[in-house]
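Subject: Structure for you to look at

Hello,

Please find the structure below. Have a look at it before you read the notes that come after it.

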Amino acid sequence: MGICSTAVVVLTLFLSCVMPCLAKVYTVGDSAGWSLSVDYTTWTTGKTFKPGDSLVFNYGSSHSVDEVSSDDYGTCTVGNSIASYTSSPATIILNTTGTHYFICGVPGHCSGGMKVSVPVTGGGASPTPSTGASPTTKPTPTPPTATSTGSVPASSSAAISPVVVVVFSLVSLVFKFVLS
């Protein structure tokens with residue numbers, strides 16, 4: 001295999017490892033979680049959501065998460081969800097661009113402030129197919145992934161995974177070896 005072929009293989013491997021690592025995980029409401037005491041408009045301010053990013057909703061048994069249409073979001077209509085999640089934590093991958101709307105499915109909670117609209121803009125990490133638990137209602141373009149307690153970062157500060165540093169270092173060493 002020539003130097004160019006080796007470089008292409010290494011670069012392809014590098015990108016296939018790094019791209020999923022660029023997706024960010026946001027804990028909705030940060031440490032307060034999904035509750036009545038959070039201003040979610042303020043929470044989304046300054047955040048840039050991209051396809052492949054995930055939202056983690058942490059909530060008590062008296063709440064749920066419903067993905068709804070723009071109209072149902074505006075009127076806080078429950079019972080007509082695109083998808084409903086009743087088990088915390090609920091992890092939802094943002095697979096498509098556009099605004100995604102989420103409310104608490106408990107009557108009165110949405111009008112009490114438990115609603116968040118998440119604008120997803122293009123140019124993010126390549127979304128990976130999701131596996132795991134399905135929502136309890138209709139299919140959704142943003143299905144949850146199975147997670148175990150403690151496997152999701154507790155804060156919404158989005159940082160590049162340490163895996164990126166390791167993979168980048170390995171690729172640099174391979175290139176140094178190939179080019180010398």
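The notes below go through the cysteines, the sheets and some backbone details.

This is a predicted model, in which local features need pLDDT of at least 70 and side-chain atom pairs count only at pLDDT 80 or more, while totals for chains, interfaces and linings use all residues. Residues are numbered from 1 along each chain as its sequence is written, and side-chain values use heavy atoms, with hydrogens and water left out.

Cysteines

A disulfide is a covalent bond between the sulfur atoms of two cysteines. Here the term is applied to a pair of cysteine sulfur atoms within 2.5 Å. A search of the whole structure gives one disulfide. The partners are Cys76 and Cys110, with 2.1 Å between their sulfur atoms. This pair links distant parts of the chain, 34 residues apart. Cys76 is in the loop between helix H3 (70–75) and strand S4 (83–85), and Cys110 is in the loop between strand S6 (98–103) and strand S7 (115–120). Helices (H or I, at least four residues) and strands (E, at least two) are DSSP runs, numbered from the N terminus.

Why is the disulfide of Cys76 and Cys110 called left-handed? The torsion about its S-S bond is about -65°, so the disulfide is left-handed.

Cys110 is buried, at a relative accessible area of 3%. Buried means under 20% relative accessible area, exposed means over 50%, and partly exposed is in between (1.4 Å probe, protein chains only). Cys104 is also buried, at 0%.

Sheets

Strands of a sheet pair through backbone hydrogen bonds, either parallel or antiparallel. Two strands count as paired if DSSP finds at least two bridges between them.

Strand S2 (residues 54–57) runs antiparallel to S5, and four bridges join the two. Val56 stands opposite Thr91, which is in S5.

Another open sheet has four strands in the order S4-S3-S6-S7, with antiparallel pairing. S4 and S7 are the edge strands, and each pairs on one side only. From one strand to the next, the twist averages 25°. S6 and S7 pair in the antiparallel sense over six bridges. Phe102 stands opposite Val116 in S7.

Backbone details

Most residues other than glycine have a negative phi, and most peptide bonds are trans. The peptide bond that joins Ser88 and Pro89 is cis, with omega at about -5°. Pro89 lies in the loop between S4 and S5.

Asp30 has a positive phi, near 55°, and is not a glycine. This residue lies in the loop between S1 and helix H2 (40–44). Asp30 counts as partly exposed, at 30% relative accessibility. Cys76, the disulfide partner of Cys110, has a positive phi of about 55° although it is not a glycine.

Regards

Notes:
Axes fitted to C-alpha atoms, helices over the stretch in contact; angles between N-to-C directions.
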